[in-house]
Amino acid sequence: MDDQGRGPGPRPQGAEGSVDARAVDPLPYEGVWRFTAPAADASVPQARHAVRDLLLRQGVPVADDIVQGLLLIVSELVTNAVRHAALLSPMLAVEVAVGAEWIRVSVEDNHPYRPTALEADYGQTGGRGLLLVREITREAGGVCDVEHTASGGKVIWAALPLKPAQVS
């Protein structure tokens, strides 16, 4: 993603506005950052802390409840890559794209399986990660999806507004 988070890519509802003067002069916190990590348990808290530290370092004006939801999404997506893709994808990539009014996080691996958020048996202790990601994203007024990559893997992403959605 080389459009500094401003391109036609996924954005939360209400962020579709036309390009304005800021498109020429990005805000200081706007940009795209990507890092890789091994598909190992230790990468889950490392990814969460790296995203949190990035937001603080860049001075992203994001609401606290959005940050908490975003960090939970990062934890869930990295955990899924570690648990389900590590055999075919020993490395994963985390990308954070920040626009003027939204933030997008994604986790990419090289495993071809495209997961679906299925209703889980409430007696089970696991299997609800993507349901949780979808619910957090929906409540924040954002969007999320899973896409195939050119290399045959997948990227799972969620885009949230920097400020909480207005409840009617």
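A cavity is a set of points, on a 1 Å grid over the protein atoms alone, where a 1.4 Å probe fits but cannot get out, and its lining residues have an atom within 4 Å of a point. The structure examined here is a predicted model, in which local features need pLDDT of at least 70 and side-chain atom pairs count only at pLDDT 80 or more, while totals for chains, interfaces and linings use all residues. Residues are numbered from 1 along each chain as its sequence is written, and side-chain values use heavy atoms, with hydrogens and water left out.

The largest cavity is lined by Leu130, Val133, Arg134, Cys144, Asp145, Val146, Ile156 and Trp157. At least two lining residues come from each of α3 (129-140), β4 (143-148) and β5 (154-161); helices (H or I, at least four residues) and strands (E, at least two) are DSSP runs, numbered from the N terminus.

The structure also contains six salt bridges, each a side-chain nitrogen of Lys or Arg within 4 Å of a carboxyl oxygen of Asp or Glu. Arg34 pairs with Glu108, their closest N and O atoms being 2.9 Å apart. Because Arg34 lies in strand β1 and Glu108 in strand β3, this pair ties together parts that are 74 residues apart in sequence. A network of salt bridges links Arg34, Glu95, Arg104 and Glu108.

Asp109 and Lys154 form a salt bridge at 2.7 Å, N to O. Asp109 belongs to strand β3 and Lys154 to strand β5, so the pair ties together parts 45 residues apart in sequence.

Within helix α3, Arg138 forms a salt bridge with Glu135, and the two are separated by about one helical turn because they are three residues apart.

Key
On a 1 Å grid over the protein atoms alone, a cavity is a set of points where a 1.4 Å probe fits but cannot get out, and a pocket is an open set with protein on both sides within 12 Å along at least five of seven lines; lining residues have an atom within 4 Å of a point.
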